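Subject: Structure handover and notes

Hello,

Please find the structure below, followed by my notes on what turned up in it.

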Amino acid sequence: MNQEPINKRKQHILQAAIHVFATVGFEKASMREIAAEAGLTTGAIYHHYKNKDDLFYDAVKESAYFVHKLSEKTEDARLKTQAEMLEEIGNRVMLRMSKAVEQRLLVLLTAYALSKGGVIKEKYKQDYENITLRVAEMYFYAFGIKNPIYQKTLATILIAALDGMAIQYSLGLVDIQDQSFKETFVHFFAQSIPAYLKNNM
């Protein structure tokens, strides 16, 4: 019996799903093909996901958003300094901006959720709200911002900029290999937000 931990196996399934969706597209992808890519049975896939919609949704969300991996504390349970938190967030943003396939799939997921409507649209909307709130908590801990209105507003702007980059990468308007551009993106937010706060708070 395979003793691979559940969370590790789930990550393996998600990576296989991303590869298949990127290769053949959502409509043509099958659970059987994803299972084969993962080296698992379809039953193992269905143990985690009831259908292809759920798997597609989770695969893209997991790969594109970084906030669930952030923590205010270090591995030895020490509270991170603001500088440490800001550096970690910058690194996570750079990593997300380096995932070419996932950028395109994120754009497709948004279009899919909007076109399908119903439960998947509401789920996407709720998750987006949760992501925004988490970014507000973590990103602005790094700047020492306590005003919740400023937190959410500025977090929304950052997420909108990241998602806008996903569109531009997908269209080939910006070279995803351009490291200098990514560094400029991160530094822009790191430097412009304190300046904005200084003039408006």
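A residue is called buried under 20% relative accessible area, exposed over 50%, and partly exposed in between (1.4 Å probe, protein chains only). By that rule Ile145 is buried, because its relative accessible area is 5%.

The model is predicted, so local features need pLDDT of at least 70 and side-chain atom pairs count only at pLDDT 80 or more, while totals for chains, interfaces and linings use all residues. Residues are numbered from 1 along each chain as its sequence is written, and side-chain values use heavy atoms, with hydrogens and water left out.

Ile145 sits in the loop between H7 and H8. Helices (H or I, at least four residues) and strands (E, at least two) are DSSP runs, numbered from the N terminus. Between the C-alpha atoms of Ile145 and Pro194 the separation is 9.7 Å, and these two residues are 49 residues apart along the chain. Glu102, in helix H6, also counts as buried, at 12% relative accessibility.

Salt bridges

A salt bridge here is a side-chain nitrogen of Lys or Arg within 4 Å of a carboxyl oxygen of Asp or Glu. How many are found in the whole structure? The search gives 4. Among them is the pair Lys116 and Asp53, whose closest N and O atoms are 2.2 Å apart. Lys116 belongs to helix H6 (residues 100-116) and Asp53 to helix H4 (residues 52-64), so this pair ties together parts that are 63 residues apart in sequence. Lys116 is partly exposed at 46% relative accessibility, whereas Asp53 is buried at 18%.

Another salt bridge joins the side chains of Lys152 and Glu129, at 2.9 Å from N to O. This pair links distant parts of the chain, with Lys152 in helix H8 and Glu129 in helix H7 (residues 118-141), 23 residues apart. Both ends are partly exposed: Lys152 has a relative accessible area of 34%, and Glu129 has 30%.

Arg134 and Glu137 also meet through their side chains in a salt bridge, at 3.2 Å from N to O. Both residues lie in helix H7, 3 residues apart, which is about one turn of the helix. Arg134 is partly exposed at 23%, and Glu137 is partly exposed at 45%.

Helices H5 and H8

Two packed helices are described by the angle between their axes and the distance between the axes. Axes are lines fitted to C-alpha atoms, for helices over the stretch in contact, and angles run from 0 to 180 degrees between N-to-C directions. Helix H5 (residues 82-97) packs with H8 at an angle of about 25°, the axes being 11 Å apart. H5 and H8 are therefore roughly parallel to each other (angles under 35 degrees count as roughly parallel, over 145 as roughly antiparallel, 65 to 115 as roughly perpendicular and the rest as oblique).

Surface patch

Ile167, Leu171 and Leu173 make a nonpolar surface patch of about 330 Å². Patches are made of residues with over 30% relative accessible area and no salt bridge, joining like charges within 9 Å and nonpolar side chains (Val, Leu, Ile, Met, Phe, Trp, Tyr) within 5 Å. Accessible areas come from the Shrake-Rupley method with a 1.4 Å probe; for residues, only the protein chains shown count as cover. Ile167 lies in helix H8 (residues 148-171) and is partly exposed, with a relative accessible area of 43%.

Regards
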